[in-house]
Amino acid sequence: MAVKLDLDDIQGLIARGYSTLPYARFTIFAAQDPAAAHALLSWLLPRVTPAGRFSGDSALHVAYTPAGLRRLGLPESVIAGFQPQFRGGMTDPNRSRFLGDVGESDPHCWAWGGPQEPPIDGLILLYASSPEVLDAGQADLTRQTEAAGIRQITVLDTRELGNNEPFGFHDGISQPVIAGLPKASGAAPAGTPGGRIIPAGEFVLGYPNVYGQLTDRPLLPAADDPRRLLPRDPGGSGAADLGRNGCYLVLRQLEQDVDGFWRFAGQATRRPDGAEDPDARTALAAKMVGRWPSGAPLVETPDRDNPGLGNNNDFGYYRSDPLGLACPLGAHIRRVNPRDSLDPQPGTDASLAVNDGHRLLRRGRSYGSGRSDGPALPGNDNPAVRLARNDVSPQRETGLHFICLVASLIRQFEFVQHTWLNNPTFHGLYDDTDPLIGSRDPRGATFTVPALPVRRRYRDLPQFVRTRGGAYFFLPGISALRYLDQLPADARSASFSSSATR
Ligand code: HEM
């Protein structure tokens, strides 16, 4: 059934990653009091970019934590309708263990968002076409937050959007094709293993998900929305739908140890005489990712990079590579999107259908210069090759401000992070977490590369990525923002019913 998305009500970040706006800055804020929170939201509202109307040289989005929603006056009875993971927060001790935020990634060591850090109300994401436009937008925002008495807890800078993440691999290739958005209209009806059309309700609340149902979201009695600012529940309950056209936003600052990553790959692939083997080093790193530095998938070109395939996403695993001889079973991209490789029947539509329920819409941006800012070699501009040749500047802190958008925190982000990425027994393995970004605490420091006649095991993998901050946010639809903006008036007139529907 064709889905009609309300693009004028959906924040544009769901529809696009802003490749034409390569500069971005993310401001994490807390308001001192409700008046300040409302002053900021009233200023932001006309500036928020809807999915249906984007042109120009900047875009702005705003998302809230439960604390921020409370500050705006949303009552507990409505907050109770948000998913428990959102309400409990990313740093709940049980959740930290579940997400692998232990050891060096323990929230007590985080730069922001940890339990001893100031509570966060919300996040403002600003995108721009040039550094000047970004600086001007940020200066405007700062003036506004200062005037309103809003605290900027931290401002996360990103580096200019390019093809490569700091380890030197082409990133941003594979994304779900979302029903109802323009890309889906050109796609094959059923899609391909890499380009399956995923129901909009997997990424936008208030639309059918992979089960044909509406994912849980906060609803409130119609009487609590007398001005009919909110859409009504498409499920037919008559309730006002605060969740519709919104989604959850996961933000995690993931610091990458670029030197450590390439040092490990270099040492593990030394020749018998002890000399470095740059080609073998790059090949091992590619096995960890599942794509070559150019982005070419290992299932299609197992032995050498082929930049001509750099954007290729039209592949499955089971039919061409069931044993992981080309792309290891535990490689990063094979874990986070196993496509057709898992039960109930690998290689079939049933396997792909299960996988559809665990997709992530990624919107992250890298930060810091890392080592990939080294001088380009004549005729060879590939950062991974420059890194391998040590033709680079010293490392400064660098990493990924990982962002993903989902309708279900538990079934999508948390499942992928826990059950696929950090699971030492994923896909028949027994001591391997994600070789690129997995936690090694307490297990998982092995990387198995299937091969004939015998597989190769790399042991004592260091942890190359650690979490430095993070939080769960709700990215509301624009009607929901309008509703939140006028809340105090309604709250003061005590128009809220005592029980909100779930
Ligand atoms: C510093 C951390 C990370 C790095 C360096 C990294 C790197 C990469 C690279 C190089 C790719 C291949 C390019 C592409 O398909 O777009 C990729 C794909 C992907 N990554 Fe990550 N990633 C990181 C963190 C994460 C996390 C935390 C998750 C999920 C919890 C994740 C989920 C994905 C997904 C879903 C894909 C697409 C796979 C596919 O559809 O084939 N990544 N990542």
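This is a predicted model: local features need pLDDT of at least 70, side-chain atom pairs count only at pLDDT 80 or more; totals for chains, interfaces and linings use all residues.

Q: How many residues surround the ligand, and which are the closest?

A: A residue is near a molecule if one of its heavy atoms lies within 4 Å of it. Here 27 residues surround the ligand, and I173, S174, H332, R339 and R362 are the closest. By class, the shell holds 15 nonpolar, seven polar and five charged residues. In this scheme Ala, Val, Leu, Ile, Met, Phe, Trp, Tyr, Cys and Pro are nonpolar, Asp, Glu, Lys and Arg are charged, and the others, Gly among them, are polar.

Q: Which helices and strands each supply at least two residues of that shell?

A: Helices (H or I, at least four residues) and strands (E, at least two) are DSSP runs, numbered from the N terminus. The elements in question are β9 (247-256), α10 (332-336), β12 (399-406) and α13 (409-421).

Q: Which polar atoms lie 2.5 Å or 2.8 Å from an oxygen atom of the ligand?

A: A polar contact is a pair of N or O atoms within 3.5 Å; within protein, one must be able to donate a hydrogen and the other to accept it, and residues adjacent in sequence count only if both atoms are side-chain atoms. S174 has a polar side-chain atom 2.5 Å from a ligand oxygen, and N337 has one at 2.8 Å. I173 uses a polar backbone atom instead, 2.6 Å from an oxygen atom of the ligand.

Q: Which residues of helix α1 are buried?

A: Buried means under 20% relative accessible area, exposed over 50%, and partly exposed in between (1.4 Å probe, protein chains only). In α1 (residues 34-44) the buried residues are A36, A37, H38, L40, L41, W43 and L44. At the start of α1, a side-chain oxygen of D33 comes within 3.1 Å of the backbone nitrogen of A35.

Q: Is L436 buried or exposed?

A: L436 counts as buried, because its relative accessibility is 8%. L436 sits in the loop between α13 and β13 (447-449). Its C-alpha is 8.4 Å from that of A285, although L436 and A285 are 151 residues apart in sequence.

Q: How many salt bridges does a search of the whole structure find?

A: Side chains of opposite charge can pair when their charged atoms come close. A salt bridge is a side-chain nitrogen of Lys or Arg within 4 Å of a carboxyl oxygen of Asp or Glu. The search finds 22. One of them joins R53 and D8, with the closest N and O atoms 3.9 Å apart. R53 lies in the loop between α1 and β2 (58-64) and D8 in the segment before β1 (23-31), so this pair ties together parts that are 45 residues apart in sequence. R53 is exposed at 56% relative accessibility, whereas D8 is partly exposed at 43%.

Q: What is the setting of the salt bridge between E202 and R411?

A: The closest N and O atoms of E202 and R411 are 2.8 Å apart.

Q: Which residues are linked in a network of salt bridges?

A: The network links E104, E255, R466 and R468.

Q: Where are the cis peptide bonds, and which residues have a positive phi?

A: Most residues other than glycine have a negative phi, and most peptide bonds are trans. A cis bond joins D343 and P344, with omega about 10 degrees, and P344 lies in the loop between α10 and α11 (349-356). The bond from D441 to P442 is also cis, with omega near 10 degrees. Y18 has a positive phi near 60 degrees and is buried at 2% relative accessibility. R228 has a positive phi of about 50 degrees and is exposed at 58%.

Methods: Residues are numbered from 1 along each chain as its sequence is written. Side-chain values use heavy atoms; hydrogens and water are left out.
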